[in-house]
Amino acid sequence: MSMRLYVSRDAGAVAVGADEVALALEQAAARRGVAIDIVRTGSRGLYWLEPLVEVATPQGRIAFGPVTETDVPSLFDALASNTPHFLRLGAIDELPWLKRQTRLTFARCGVIDPRSLDDYRAHGGYRGLERALSLGTDAILSEVTASGLRGRGGAGFPTGIKWKTVAQAKADRKFIVCNADEGDSGTFADRMIMEGDPFLVIEGMTIAGLTVGAAKGYIYIRSEYPHAVEAMNAAITAAKRSGYLDSYIGGSKQAFDLEVRVGAGAYVCGEETSLLESLEGRRGLVRAKPPLPAHHGLFGKPTVINNVLSFAAIPFILAEGAKAYADFGMGRSRGTMPIQLAGNIRHGGLFETAFGVTLGELVDDVGGGTFTGRPVRAVQVGGPLGAYFPRALFDTPFDYEAFAARDGLIGHGGIVVFDDSVDMRRQARFAMEFCAVESCGKCTPCRIGSTRGVETIEKIMRGERVSENITLVEDLCNTMKFGSLCALGGFTPYPVLSALKHFREDFLPAPTTLQAAE
Amino acid sequence: MTAVYEPCYEPWDETRGAEIIAEHARQEGATLVILHALQEAFGYVPEAAIPMVAQALNLSRAEVHGVFTFYHDFRHKPAGRHVLKLCRAEACQAAGGDALAARAEAKLGVSLGSTTADDRVTLEPIYCLGLCATAPSAMLDGRLIGRLDQKRLDALVAEAQR
C-alpha cells in the first residue's frame, strides 16, 4: 500500500515553496523505492506553517511544517522508521489554532482535493443543492433569510432580501454574479476557497440561480489571482461533465451555466456596479443607485451579485438548515466569518469563527502578536478602506454594528497588523494616494478629493501650518464620506480619520529639543 | 531550483489579431476578454488592434480606447523580458515592503513602473496578490514568491537580470 501525503497547491503555499517540497518528496520516494501518493489540497490557512505536509495514518492525518526541500530526506527517514522529527506538529485536527475555529464555510478547505468532484461529494458536497431542489423557491428564500446571512463582501446587506427581490422581479433573463474581485490588502479568503474548494462556490451560485430563476452566472475574478482562475475553470469543466451545470441540474428540469471572467487590475471593480460595467465590457465606472442591481443589473437585467464568501456560506445553510448557521454569532451578525490575519503577524492565516470574538483575542491570542516581535501599534481592519484601530480599541467585538459604532468596518474580514515602527502619516497619505490612483473618476469628491488629500497630508508631513491643514483634511474627509458615489471615495476617510484620531501624535511636528543656553 | 521561465510572445500580425478578435467577439460584453487575449498573444495591445476591436464589436474607437486605458493591466508597449511585480499594499507595507521596493529600485536602477534600459526587466508595483499572511510578496513572470526578504529579493533581481 502506498503512503498518502497531502501538500497544498494554494498560491500562498506555492509562494513559499510547496511545489518544490512536493517534487522533493516524489524524488525521495523514488530513490527509496517507496510508493507514495501526493494529494495536492487547498490550504488549511495556517500560513506560518506552510509548506505543510500531512501524512495519512490510521490515527488520522499527522502534520509536519514548515517543511523545506532540504528537510525532505530526514522527514522521509522519520516517516519510514516511525521516529520523531523536529517538524512534527502532531495530529492536524488537534492543533489548537484549528481546533478553536468553527469551520462551516472552510470545512473542506485544505482537506480535500479541489480538482475532485468525487472528493467534494464524499465530504458532504452538493447536499445543499439536493435539499434546495426539494424545497422550491419560497422555502429556500425563507431558509436564507432565517440564517441571517449578510453580504460578506463588506456591505453586510441581508442576502435573503437581495435574493427575494430578484426572485420577484419579472424579466426574460436574470443573472447570478459572483464578486471575486478581492482587492483589499489583508484579505485572501475568496482566493483560498476558490483554490481549495471551488465546487462550494459553484454549488452556492447554482442554488442562487435555481432560487431566483437565473440560468446564467458569471464569476468575476481579479487578474492578480491566476491560480484561482485556473481552479474555478477546472471545477466548472468537471461540474459540467457530471451534470451539475448546464441543463438538468442534479437531475432537475432547471438549467444553470457558469462562466469565469477575468478583471484587469482595477480595484474599483470590486464595487458591485463597477464590476457589472466591467463584465459588460466597459470602463469600470460606478453606477448611481437606484436602480439597484437586483432590479437593473447585468445587461440591465435583474441580478443577484454577491461576494464569494456569501455564496460559499449557502450550501451549509441549505444542507444543515438556517438555524444551524444562525445559532452562531452575536446581535445582527449571524453565523461565522472567515477572518484573515495578515501583515506583520506571527501566526497569519485564515481563522473562521463565530461573530463576537474580540479584536484583541484575534491579534494577540490567535495571531500571536507581530512577526518582528515588536509591540503591536495599529491594526487596519477591512482593507484599504478600513479604519486603523489602536490597542485601546482591542475590546471591540467582531460584529458589523460594533465596528460601525467605533467608526470602523469589518469589510471583508481582513486584519493587517503593524508594529510600533509604523508612521501613521504615511499610512494616511497612502490611503488617499490609493484612492487617487484607483478612483474611477465619475464623482468629484473621490476623483479630486483624494488628490487634494495627498497634497494636504504632504504639507502636514513637511510641517506646514499643521493644525490648519489637519482641520482641512478632516473637512475634506467629510465631503468625500457624504458626497462620493461609492465606497471607494466614501470610505477612504476611514483610514485617514482614524489615523488622525487615534494616532494624532504622528501628525504633529516633533517637539524640538531646546538647546541649553551657553 | 525552478527553471527560469521566459514569456514568449508573437510579433504583432494583423491577420492573427483579427483571428483572435473573431474568436471572442460573439461573447456578451467581450471587450475585456478580447483585450486580454490580444495581450496574451502579443505581450501588449498594439495600437492597430484598437480600431479592429471597435469594428468587430460595433463600438466606436473612442469607446474601446477608453476601456483599454481604464485598466492597469493592459500594456501599450511590450514589457521587458522579465516582469518583476512587488506588492505595495498595506499588508506588505506592514511587513517591510517599503524597504524592499526601494532596494529593488536601487539594484535595477529604475523606479517602479518602468523598464531597465537594456529591456531586460520591467519593475512594477502590484496591489495585493492575496499572499498577505506570508508578506511581503512578489511575482516574477507569473511565479509567486512569499516571505520576501533582502536575500530572496536579491536572488530574484539577479534571476530577472539574467
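1. Two strands count as paired when DSSP finds at least two bridges between them. In this predicted model, strand β1 (residues 82–87) of chain B meets that criterion with strand β4 (residues 138–140) of chain B: three bridges link them, in the antiparallel sense. Within this pair, Lys85(B) sits opposite Met139(B) of β4(B).

2. That pair belongs to an open sheet in chain B. Five strands make up the sheet, in the order β2-β3-β1-β4-β5, and the pairing is mixed. Its edges are β2 (114–115) and β5 (143–145) of chain B, each of which pairs on one side only.

3. A helix covers part of this chain B sheet. Helix α7 (residues 150–161) of chain B lies across β1, β3 (121–126), β4 and β5 of that chain. Its direction is at about 20 degrees to β4(B).

4. Chain A also has an open sheet of five strands with mixed pairing. Here the order is β2-β1-β3-β4-β5. The edge positions go to β2 (36–41) and β5 (88–91) of chain A; each has a single partner strand, so one side of each has no neighbour in the sheet. On average, neighbouring strands of this sheet are turned by 25 degrees against each other, direction ignored.

5. Which strands pair with β1 (residues 3–8) of chain A, and in what sense? With β2(A) the pairing is parallel and spans six bridges. With β3 (residues 53–57) of chain A the strand runs antiparallel, joined by three bridges. Strands of a sheet pair through backbone hydrogen bonds, either parallel or antiparallel.

6. Arg4(A) is partnered by Asp37(A) in β2(A).

7. Helix α2 (residues 18–32) of chain A lies across β1, β2 and β3 of chain A. The helix runs at about 170 degrees to β2(A).

8. Now the nonpolar packing. The largest nonpolar core holds 218 residues. Those with the most contacts inside this core are Val177(A), Ile193(A), Val201(A), Leu362(A), Val379(A) and Ile415(A). In soluble globular proteins, nonpolar side chains tend to be buried together.

9. What does Val379(A) touch, leaving aside residues up to four places away in sequence? Its contacts are Leu359(A), Val363(A), Phe389(A), Ile415(A), Val416(A), Val417(A) and Phe418(A). One of these, Ile415(A), is itself listed among the core residues with the most contacts.

Notes:
Residues numbered from 1 in each chain as written. Chains lettered and ligands numbered in written order. Predicted model: local features only at pLDDT ≥ 70, side-chain atom pairs only at ≥ 80, totals over all residues. Helix = DSSP H or I, 4+ residues; strand = E, 2+ residues; numbered from the N terminus. Contact = placed C-beta atoms within 7 Å. Axes fitted to C-alpha atoms, helices over the stretch in contact; angles between N-to-C directions. Core = buried A, V, L, I, M, F, W, Y, C linked by C-beta atoms within 7 Å. Buried ≥ 20, exposed ≤ 12 C-beta atoms within 10 Å, placed from the backbone.
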